Amino acid sequence: MLHMAKNLRNFPRDVFSVLRVILDRLDAVTMRLDTVADRVDLLEKKKPVVFPSSLIREMTSGMSSMNEFCDETTRFLIEQHRDITALLNTQKKLLEQACTTESLARSIVPAMEQGMPAIVEEHVDRLARLSENQDKKLADLESLIRAQETVFPSWKATPEGSEEIRHILSFLAPRKAKGVEKCRLGREYDGGYVMLDSFPPETVALSLGINDDVSWDLAVAERGCDVFQYDHTIDALPESHERFHFHSQRITAWKEEGRMLRDAVLDEALSPNAPIILKMDIEGDEWSVFDTTSTDILERFTQIVVEFHHFERLAEPEFRARAERVFRKLAEKFFVFHVHGNNCGNLTNVQNIVLPESLEVSFARKDLYPSEPTDELFPQTLDMPNQKGRADFYLGCFRF
């Protein structure tokens with residue numbers, strides 16, 4: 001096609017060249033005809049006329065060559081015309097195709113521009129779903145691995161290690177408060193805690209760890225208690241109450257990292273003689289906070305409900321030593337009246353002792369609430385599984 005286009009471009013030049021040749025030959029023929037005419041005139045003057053045979057042959061030959069040349073020229077022009085016509089038709093078809101392509105592009109490109117985001121979004125959503133499914137499969141696998149560890153014996157368990165852990169857990173043996181009933185404060189499932197139904201006048205509450213739930217705080221406030229709340233992970237409470245006093249601070253064992261429990265108890269906003277109830281759920285910091293808080297500060301609390309995390313770490317000697325210090329210190333002034341396993345986590349096998357990873361423990365002060373041994377089994381009717389739809393952990397009498 002490109003070759004034909006080049007021929008078409010050069011066509012005028014070729015035609016003019018041919019015409020020049022034709023004109024040159026016509027001039028030659030004209031000159032011969034003029035010569036013949038002169039001879040005819042001369043012969044007409046001399047009669048009779050006798051044409052030499054050589055002249056007749058020359059005239060005949062010239063006319064024959066002229067006819068052949070005209071035929072060749074005609075054929076050449078016809079072929080050039082045919083080529084030009086073919087090239088013009090081809091160019092017309094190309095132009096038509098170009099117009100069609102442009103029309104299609106004008107209709108398709110906007111559609112593609114509109115459709116591409118949807119296609120990309122669909123693929124992104126698909127990848128996100130695949131990622132979620134993969135994460136769920138990994139979580140299920142990890143859960144199965146942990147479940148296997150709880151079902152089968154721990155071959156690393158030693159008599160000494162098992163005896164040491166049972167000794168630590170013996171500080172949590174539940175007792176029954178004489179003459180005082182239990183109650184559940186807070187929402188259903190996760191966020192509710194079992195306490196003694198005893199709130200003396202002017203009692204205040206410390207609520208350590210809020211996140212998105214103030215159901216326990218509201219229940220305590222409705223019983224006439226001011227609630228002082230601490231949580232460094234949020235900037236504001238999910239719900240307000242006139243008795244709420246919120247601080248976006250972390251309760252910690254070291255002043256450089258936040259506010260110490262001692263400072264929260266001795267805050268001037270709290271009456272120095274007011275009885276205090278404590279709720280603590282600070283995601284593992286409870287061990288260091290209790291370990292570094294003196295007994296005279298702990299004696300300010302009438303009740304303590306706390307969620308202890310990471311019982312699986314009782315396999316670590318250093319963690320065991322700190323757990324014993326904490327439980328021994330609390331046992332000097334408090335007794336345990338309720339225990340509940342948090343089923344949001346899993347059971348863990350430590351030295352062939354099966355425990356929840358997290359345990360909610362309720363304490364009452366010994367000098368304020370007389371106690372007696374109990375044959376209660378846990379969980380009880382006041383308890384609810386922290387995770388809805390999943391069976392609660394059976395702890396039995398929880399004695400070791």
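Tutor: This is a predicted model. Take Thr 374, which lies in the segment after β13, the strand at 371-373. Is Thr 374 buried or exposed? Its relative accessibility is 10%, and the cut-off for buried is under 20%, so Thr 374 counts as buried. The side chain of Thr 374 is joined to that of Glu 376 by a polar contact of 3.0 Å. If neighbours within four places in sequence are left aside, Thr 374 is in contact with Pro 174, Arg 175, Lys 176 and Arg 399.

Next, consider Phe 363. With its neighbours within four places in sequence left aside, the contacts of Phe 363 include Leu 172, Thr 302, Val 306, Phe 308, Leu 330 and Phe 337. Phe 363 also belongs to the largest nonpolar core, which has 48 residues. Within that core, the members that touch the most others are Leu 206, Phe 290, Phe 301, Phe 308 and Phe 363. Helix α8, residues 317-333, gives the most to this core, with 5 residues. Another core, of 18 residues, lies apart from it; Ala 221, Ile 234, Phe 244 and Ile 277 are among its members.

Last come the cysteines. A disulfide is a covalent bond between the sulfur atoms of two cysteines. How many disulfides does a search of the whole structure find? The search finds 0. Cys 183 has a relative accessible area of 8%, so Cys 183 is buried. Cys 344 has a relative accessible area of 41% and is therefore partly exposed.

Terms used:
Residues numbered from 1 in each chain as written. Predicted model: local features only at pLDDT ≥ 70, side-chain atom pairs only at ≥ 80, totals over all residues. Heavy atoms only, no water. Core = buried A, V, L, I, M, F, W, Y, C linked by side-chain atoms within 4.5 Å. Buried < 20%, exposed > 50% of the residue type's maximum accessible area, 1.4 Å probe, protein only. Helix = DSSP H or I, 4+ residues; strand = E, 2+ residues; numbered from the N terminus. Contact = heavy atoms within 4.5 Å. Polar contact = N/O pair within 3.5 Å; in protein donor to acceptor, adjacent residues only side chain to side chain. Disulfide = S-S within 2.5 Å.
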